[in-house]
Amino acid sequence: MQQPANFLPNSYGDRFIPRRYALSRSSRFKAESIPEQKTDPMVMKEMPGYWRTHRYSSVLKSQLGLVSTHDKILSFRDSTSRQVCKRLANKRPLECIVRSTYSNQQKLDWSCHPRTKPIGFIEAVHDLPNIKTYYHKIIDWSVTGQIAAIFSKKLVIWTPNTDEIIGLGAQYATSIAFEPAGPRLAMGIFMMNRPWLNILDDPARPQSERHGSLKMLDPLEHPISCLTWDGSGLYVLCGFGNGQISIVRIRPAANINQCESKYCVHKGSIIAIKFSCGCRYMATADDLGQLYLWHWSGGNLTPITNWDSSMCAFFDWHPWREDEIVIADSEPILIALYHVPSRQVLSYYQRRESDCILTTLSFNKLSGELVVCYSFTDLSKPPEILVLASMDRVVDVMRNHDDCIVHLLWSPDGKQLASVGYDETLTIWNFFGTSPTNECKKRKLQCEPPASSGSSRTDGRACGNAGSFWDTSRIPCNRNKEATYRDLASSFLFKAMR
């Protein structure tokens, strides 16, 4: 056809939708036929604007994300179709709007890659006698794989699946925190009725090579109850027993700068300080149930909002969605997913029975699963560790402790979970079910020198061709053992670490 058609087709669109007058013609051939639908399409045609009365247009625009000034949905009217046919020659380029989307086919409450079945098991159980459970930040897992814990008189540092343990005198230590991307350790000390901040350059080094710095902080007569580093490693945030938050700048050589910023909004002792994954936001909580959300910018804090709880409030940031945080009330149990920019609760779970309390929670940084710890009022029931993929989906239930679980730690690779309870035990869980035996063999092969290289033993040290030394002053210990598959459901109690 070289000339434009002067008639309209009986159907249009990619689905060949027939016109209403075409339907009326075809109905003439149905003599004495019973209508298939109760609603007559011809009656609907006589109603002007019936498409708009039911607000289908606004609903479709909101669902499809159409912009009212540029995009329009199809309007099933002959006048509109005629105008479109006349403007066929005038073509407008297609506008593409790119939006970040999350494929949520399983309809989960938060971004998550849950495991298909419960595959976690116990790798090892360690005794922690006289650990300072009355403080809140008493144990931490460094990026180099070392675990540090505060006991009654010592700071003990060890590496799981090895026999190497380091003990340091720390009788007055109240809290510790490893640097996120380095070996430095920040330690809060309450000595002579004064709070002190001690920065150890590398606590794993021998005592002759170990460097650090010490500084007395304000306020006086109040211990440092919680410590944490920011993502850059330039600032250490200290929470005190009176609710004050102090920001101390740390120089690269483990020296403490004299400047110090103070924020006094809490009324109770600070029990938790955590940053979001990109260090844009920060959250703090005290023992009176007050939780504050902050905006972090280069050592400065700006308050955003607060959350009130009848008892203690526990929280953790999503591992890769920076603007989402999970906040939980201890009793009655309430778990809520909170969106910081909009200040809205996206989803929540509230327990009807008051037979248990929530003691702590934490996100896995690989799968995004939420680990929640419960303790029951019935003392015959052991505490439970629930792994949630959503507010209504439990992936796994783990049990091993005899008393409340108060600390959850993740290994640097996110594949191991360490839980610490009031029963003075530390349980290391293999969260993803990978065999620890193969990993240990690989580590031994990497650490052992080749058979051809000669070695000599002199003055208690072993020396290889590469000039590497092994310090025999390190304390050997058989506390860390590998769990065999036949004993995964049992506890492994080893010698107490003194």
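I looked up K274 and found it partly exposed, at a relative accessible area of 27%. I use buried for under 20% relative accessible area, exposed for over 50%, and partly exposed for values in between (1.4 Å probe, protein chains only). I note that this is a predicted model, in which local features need pLDDT of at least 70 and side-chain atom pairs count only at pLDDT 80 or more, while totals for chains, interfaces and linings use all residues. Residues are numbered from 1 along each chain as its sequence is written, and side-chain values use heavy atoms, with hydrogens and water left out.

What does K274 form with D316? I recorded a salt bridge, with the closest N and O atoms 3.8 Å apart; the term stands for a side-chain nitrogen of Lys or Arg within 4 Å of a carboxyl oxygen of Asp or Glu. The two residues are 42 residues apart, K274 in strand 16 (270-275) and D316 in strand 20 (313-317). Helices (H or I, at least four residues) and strands (E, at least two) are DSSP runs numbered from the N terminus.

In one of them, E369 and R115 meet through their side chains at 3.2 Å, N to O. This pair joins distant parts of the chain, 254 residues apart: E369 is in the loop between strand 24 (356-363) and strand 25 (370-376), and R115 in the loop between helix 5 (78-86) and strand 3 (121-127). I found both E369 and R115 buried.

I also looked up R399 and E384, which form a salt bridge with closest N and O atoms 2.9 Å apart. R399 lies in the loop between strand 27 (393-398) and strand 28 (405-410), and E384, 15 residues away, lies in strand 26 (384-390). R399 is partly exposed at 48%, whereas E384 is buried at 17%.

**Entry on S111**

I located S111 in the loop between helix 5 and strand 3. Its relative accessible area is 6%, so S111 is buried. The side chain of S111 makes a polar contact of 2.8 Å with the side chain of W320. Such a contact is a pair of N or O atoms within 3.5 Å; within protein, one must be able to donate a hydrogen and the other to accept it, and residues adjacent in sequence count only if both atoms are side-chain atoms.

**Entry on the cores**

A nonpolar core is a set of buried Ala, Val, Leu, Ile, Met, Phe, Trp, Tyr and Cys residues joined through side-chain atoms within 4.5 Å. In the largest core, of 35 residues, I list W110 and L361 among those that touch the most other members. Elements giving two or more residues to this core include strand 3 and strand 24. Which strand gives the largest share? I found that strand 25 does, with 6 residues.

Beyond its neighbours within four places in sequence, L361 is in contact (heavy atoms within 4.5 Å) with residues including K274, D316 and L370. I noted a second, separate core of 17 residues, which includes I271 and W307.

**Entry on cysteines**

I counted 0 disulfides, a disulfide being a pair of cysteine sulfur atoms within 2.5 Å. The sulfur of C277 is 8.4 Å from the closest cysteine sulfur, in C279, and therefore too far for a bond. C277 is partly exposed at 42%, whereas C112 is buried at 5%.
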